Amino acid sequence: MRVVLAEDSVLLREGLVRLLGEAGATVVAAVGDGDSLVEVAIEHRPDIAVVDVRMPPSFTDEGLRAAMRARSAVPGLGVLVLSQYVEESYASDLLAEAGQPGSGGVGYLLKDRISKLDELSDALHRVAEGGTVLDPEVVAGLFALRRRNDPLTELTPREREVLALMAEGRTNTAIARSLSVSGGAVEKHISSIFTKLTLPPSNDDHRRVLAVLAWLKA
């Protein structure tokens, strides 16, 4: 498979070129910044772009943003992120972008966890075939991020039951009958759900729909 590499450290870049070659890839270009990555991706039309997240000039997310731009310019381009850190928000962005129609595979591995050539080779092939490869520490970080940002964690067990029945399309009366509680109790639970999900008052059923959508996304 043909690969373009973006890594700002010269020594690490040369080491990765050799490592990728030993893993069965052909590195057609190796660059040190995001803009150059986009240029060589357009020029060579590789199967995969291997990138670091933090690159010059600000060393925040230039590598990832450049990879996104390269994917837009080269449809189906796979992206394998090799990072020194678990950056949950960047991993989430990458996975969300990967869900778009026609997008290529994605991977996010930690540099110090790449200890075996066969593991790197397997990751490259899976990404090239449109699959997803995530380091276990990245997966753990994503779950932690989701728990921190998930408003459903604020709901009580009973409120979750009510919301689940709402998602089934049940009326308040049907929910009360199913849970063997009064209609007033159901109304109180639903009001609490709306408050915890920060859904503002409305004269229609819009809040009910939004609450159900939150449940379905959980």
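Start by selecting proline 57, which sits in the loop between β3 and α3 (62–73); helices (H or I, at least four residues) and strands (E, at least two) are DSSP runs, numbered from the N terminus.

Before going on, some housekeeping. You're looking at a predicted model, where local features need pLDDT of at least 70 and side-chain atom pairs count only at pLDDT 80 or more, while totals for chains, interfaces and linings use all residues. Residues are numbered from 1 along each chain as its sequence is written, and side-chain values use heavy atoms, leaving out hydrogens and water.

Stay in the loop between β3 and α3 and pick phenylalanine 59. Its phi is near 55°, a positive value in a residue other than glycine. Phenylalanine 59 has a relative accessible area of 41%, so call it partly exposed (buried is under 20%, exposed over 50%, partly exposed in between, with a 1.4 Å probe and protein chains only).

Next, select helix α5, residues 117–128. Its 12 residues reach 16 Å from first C-alpha to last, close to the 16 Å expected at 1.5 Å a residue (the expected span is 1.5 Å times one less than the number of residues). Now colour its buried residues: Leu120, Ser121, Ala123, Leu124 and Val127. They cover an arc of only 160° around the axis, so they are on the same side of α5; that arc is taken from the directions from the helix axis to the C-beta atoms.

What do the buried residues of α5 pack against? Show α1 (10–22), β3 (48–51), β4 (78–83), β5 (106–110) and β6 (132–134), with contact meaning heavy atoms within 4.5 Å.

Keep α1 and α5 on screen. Their axes come within 9 Å and cross at roughly 80° (axes are lines fitted to C-alpha atoms, for helices over the stretch in contact, and angles run from 0 to 180 degrees between N-to-C directions). The two helices are therefore roughly perpendicular, a label for 65 to 115 degrees. Leu19, Leu20 and Glu22 of α1 meet Leu117, Leu120 and Leu124 of α5 in this contact.

Just after α5, click glycine 130, with a positive phi of about 95°.

Last stop: serine 180, in the loop between α8 (172–179) and α9 (183–196). Here phi is near 60°, again positive in a residue other than glycine, and serine 180 counts as exposed at 67% relative accessibility.

Note on methods:
Parallel < 35°, antiparallel > 145°, perpendicular 65-115°, else oblique.
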